[in-house]
Amino acid sequence: MQTLSLDQLGDEIAELSAHLDAATARLLDLIREFDARGGWNNGFSCCAAWLTWRVGLAPGAAREHVRVARALGALPLLARALARAELSYSKIRALTRVATPETEERLLAAGRAGTTEHVERIVRGWRRVDRNAEAREAARQHAGRALHVYPDTDGIFFLRGRLTAEVGALLVQALAAAREALYQRARGKEAEGDPPTMVQQQADALALLAETALHHGIDPGAPGERYQVVVHVDAEVLADADQPGRSVLEDGARVPAGTSQRLACDASRVVMRHDRDGRVVEVDARTRTIPPALRRALHHRDRGCRFPGCGVRFGQGHHIRHWAQGGPTTLSNLAMLCRRHHRAVHEEGYGLDRQPDGELRFRRPDGRVLPEVPLPHEVPDDPVQAIRARHDAEGLVLHARTATPGWLGERLDVGWAIDVLHPLALASPSPLIVPRSDNSTHEINVRSESEDLALPATNLLSKTRAHQSRP
């Protein structure tokens, strides 16, 4: 094999990198379509989790691929630049953190003009401006908070106010809880006269909140009891979902039998026996379906969800053969599943059984085995030539200087770049503080100059000295 010169090696590295960036654009297009069509929703929590299992990406890299793919769906200029390898994936990844359809043309110019380091510094400055603007808006909303309570001439009180988003949400939740406490006892009873309207219920709920705060203090209760869900299910339904019988929540709302089976897999259990007339004749003590000692052993053995590709560290105990169907509560009949995959097994048609060698086997709803490790895919003998041939067929001409930026070696002034590029900087009436590379800050006086907005990509960095020399 003939030894290439260092210049030739460098050119080949640059050219192949351009081909890889163009191929990455195609990969992101496929990921975006796969994500939008829910192709990952076959037992995986999200598209990134599927990519981690199927492709072998690290979780962080998988999430970033999905994020960039989604962002490029609304940024056609940046997507085209990556597809033509004019910008590297690293630049695109940085730009999509801040780009919008209104700003992508300006940011594309910055990407073409500078190196990846320049782009990342501009993005950091851009996000600082965004955070400053967001902080100013939050401070404005906080300063504008108000609540007016005043009586009318007939003694009726009027309320009018402005609350910040989190306080408003808190008030809505509190009113809902108070309204529930007031009217839950009235359910099922014949009301005298017309039932109160929603706005009347809201007024009564506010009165209850005030009385509670004044006289007793608001006690949120123990978290374990506050979030407890009570399900009433007949033994026949628990053993066989096709059998008729009850499977209802405390308020009478029906839930699927599969849901009851899932909840009963790992929960507190109270067995109540009824006579033929439906009257309770015996109530057993509350017990755990999986005793604490056995639960510790299960956690130690499985160390998280056993569903292929999941890896969530904490989960629920699942009876492979349900205890209502005679399955024993033993370590060999239990498997740890996260909440998402426990639901998949009970209510979405997924199957799970333990093989004679002790290994677990999962099946998709259509009966196909879901392997622990995805099957390998075929790779051509010369993958580099395959990529080049595909791009040649698409008429995409890539070479060693395709992605070369227009940078001429001058120092980047982040403050000036943000001043030119960021729409908030152009519209802001006050100075903006942006970071420098040496971790100090730089105050810029914003202005709007048409020649700056129309600045060619190759001059985006080179006007720094001219800007600094202006009075």
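Buried here means under 20% relative accessible area, exposed means over 50%, and partly exposed is in between (1.4 Å probe, protein chains only). Keep that scale handy for the views below. This is a predicted model, in which local features need pLDDT of at least 70 and side-chain atom pairs count only at pLDDT 80 or more, while totals for chains, interfaces and linings use all residues. Residues are numbered from 1 along each chain as its sequence is written, and side-chain values use heavy atoms, with hydrogens and water left out.

**View 1. The two faces of strand β12.** Helices (H or I, at least four residues) and strands (E, at least two) are DSSP runs, numbered from the N terminus.

**View 2. The open sheet β11-β12-β13.** Two strands pair if DSSP finds at least two bridges between them. In this open sheet, 3 strands lie in the order β11-β12-β13 with antiparallel pairing. β11 (351-354) and β13 (369-370) stand at the edges with a single partner strand each, so one side of each has no neighbour in the sheet. Between β11 and β12 there are 4 bridges, and between β12 (residues 360-363) and β13 there are 2 bridges. Both connections are hairpins: β11 and β12 have 5 residues between them, and G358 in that turn has a positive phi of about 95 degrees. The hairpin of β12 and β13 also has 5 residues between its strands, with G367 at a positive phi near 95 degrees.

**View 3. Strand β10, covered on both faces.** In β10 (residues 334-337), L334 and M336 on one side and A335 and L337 on the other are all buried. Strand β9 (residues 316-319) runs antiparallel to β10 and is joined to it by 4 bridges. Within this pair, G317 has M336 as its bridge partner.

**View 4. Salt bridges among the charged side chains.** A salt bridge is a side-chain nitrogen of Lys or Arg within 4 Å of a carboxyl oxygen of Asp or Glu. The whole structure holds 16 salt bridges. One of them joins R368 and D366, whose closest N and O atoms are 2.8 Å apart. R368 is partly exposed at 48% relative accessible area, while D366 is exposed at 51%. Another links E394 and R390 at 3.4 Å, N to O, with R390 partly exposed at 42%. Salt bridges with shared partners connect R340, R343, E347 and E348 into one network. Within that group, R343 and E348 meet at 3.8 Å, N to O; R343 is partly exposed at 39%, and E348 is partly exposed at 31%.

**View 5. Helix α9 and its buried face.** The 18 residues of α9 (residues 198-215) should span 26 Å at 1.5 Å a residue, and the end C-alpha atoms are 26 Å apart, which agrees; the expected span is 1.5 Å times one less than the number of residues. Where do the buried residues of α9 lie? They are Q201, A205 and L209, and seen down the helix axis they fall within an arc of 85 degrees, so they line one face. That arc is taken from the directions from the helix axis to the C-beta atoms. The buried residues pack against α8 (165-183), whereas V199, L214 and H215 on the other side are exposed.

View 6. R388 sits in helix α15 (residues 383-393). Contact means heavy atoms within 4.5 Å, and R388 touches E12, E15 and H19, leaving aside residues up to four places away in sequence. The C-alpha atoms of R388 and L20 are 9.4 Å apart, though the two residues are separated by 368 residues along the chain.

**View 7. Stretches to read with care.** pLDDT is the predictor's confidence in each residue, from 0 to 100. The chain averages 78, and 77% of the residues score at least 70. Over residues 429-458 the pLDDT stays under 50, and the model has 63 contacts for them beyond four places in sequence. Residues 464-471 are also below 50, with 14 contacts beyond near neighbours in sequence. Where pLDDT is low, the predicted coordinates should not be read in detail.
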